[in-house]
Amino acid sequence: MSTAQIPVIPTFRYRDAPSAIDFLIKAFGFSEHMVVPDGEGGIAHAQLTFGDGRGMIMLGSARDDEWGQYVRPAKEAGVNTGGAYVIVEDVDAHCEQARKAGAEIIVKPADQDYGGRNYACKDPEGHVWSFGSYDPLA
């Protein structure tokens with residue numbers, strides 16, 4: 001994979017990164033690309049891919065380090081300051097899969113004026129995710 005294929009990669013911190021990885025795979029359909037344990041039960045760094053592998057997120061365990069002073073899990077920070085939008089083919093089926101896996105649906109699937117259909121949810125640690133069929137690059 002070259003960086004030309006993946007120009008933007010969202011990053012997250014989780015209090016329980018191993019459980020978050022399991023959730024992201026089960027609920028949203030991500031796949032493990034690389035997972036590096038930190039030797040203390042957490043995750044030093046993980047890369048998860050989506051779809052054909054051109055979509056990717058990176059994550060790690062929340063910790064008090066230089067980056068940790070700026071990036072915290074949503075529940076710990078008390079607010080979301082960002083999120084991720086992921087393109088999926090079947091929005092309704094994806095939403096149901098996420099709901100069954102424990103995602104909190106905060107915006108139900110709906111057709112959008114600008115085209116496509118989308119929904120939004122929170123993962124178990126409060127990060128906001130949007131999934132939709134609209135492809136702004138198409």
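**Close-up views of a predicted model**

**View 1. The open sheet of strands S1 to S4.** Four strands make up an open sheet in the order S1-S4-S3-S2, and their pairing is mixed; two strands count as paired if DSSP finds at least two bridges between them. Strand S1 (11–14) and strand S2 (31–37) stand at the edges with a single partner strand each, so one side of each is left without a neighbour in the sheet. From one strand to the next, the twist averages 20°. Strands here are DSSP runs (E, at least two residues), as are helices (H or I, at least four residues), and both are numbered from the N terminus. This is a predicted model, in which local features need pLDDT of at least 70 and side-chain atom pairs count only at pLDDT 80 or more, while totals for chains, interfaces and linings use all residues. Residues are numbered from 1 along each chain as its sequence is written, and side-chain values use heavy atoms, with hydrogens and water left out.

**View 2. The pairing of S2 with S3.** Strands of a sheet pair through backbone hydrogen bonds, either parallel or antiparallel. S2 and strand S3 (residues 43–50) pair in the antiparallel sense, over six bridges. Within this view, the bridge partner of serine 31 is threonine 49 in S3.

**View 3. Helix H1 and phenylalanine 23.** Helix H1 (residues 17–28) lies across S1, S2, S3 and strand S4 (55–61), and runs at about 5° to S3; such angles run from 0 to 180 degrees between N-to-C directions, the axes being lines fitted to C-alpha atoms, for helices over the stretch in contact. Phenylalanine 23 is found in helix H1, and with a relative accessible area of 8% this residue is buried (buried means under 20% relative accessible area, exposed over 50%, and partly exposed in between, with a 1.4 Å probe and protein chains only). Not counting residues up to four places away in sequence, phenylalanine 23 touches Phe28, Ala101, Gly102, Ala103, Asp123 and Pro124, where contact means heavy atoms within 4.5 Å. Aspartate 123 is 100 residues apart from phenylalanine 23 in sequence, yet the two are 8.0 Å apart in space, C-alpha to C-alpha.

**View 4. The meeting of H1 and H3.** Two packed helices are described by the angle between their axes and the distance between the axes. The axes of H1 and helix H3 (residues 91–100) come within 7 Å and cross at roughly 145°. On the H1 side Lys26, Ala27 and Phe28 take part, and they meet His94, Gln97 and Ala98 in H3. The residues of this contact of H1 with H3 divide into three nonpolar, two polar and one charged; Ala, Val, Leu, Ile, Met, Phe, Trp, Tyr, Cys and Pro count as nonpolar, Asp, Glu, Lys and Arg as charged, and the others, Gly among them, as polar.

**View 5. The open sheet of strands S5 to S8.** Four strands form an open sheet in the order S5-S8-S7-S6, with mixed pairing. S5 and S6 are the edge strands, and each pairs on one side only. H3 packs on this sheet, where it touches S6, S7 and S8, and its direction makes about 10° with that of S7. Strand S6 (residues 104–111) and strand S7 (residues 117–122) run antiparallel and are joined by five bridges; they form a hairpin with five residues between them, and glycine 115 in the turn has a positive phi of about 110°. S7 and S8 also pair in the antiparallel sense, over five bridges, and in their hairpin glycine 126 takes a positive phi near 95°.

**View 6. The largest nonpolar core.** A nonpolar core is a set of buried Ala, Val, Leu, Ile, Met, Phe, Trp, Tyr and Cys residues joined through side-chain atoms within 4.5 Å. The largest one has 27 residues, and those with the most contacts inside it are Leu24, Phe28, Phe30, Leu59 and Trp129. H1 gives the largest share of this core, seven residues. Among the residues that leucine 59 touches are Phe12, Ile21, Leu24 and Leu48.
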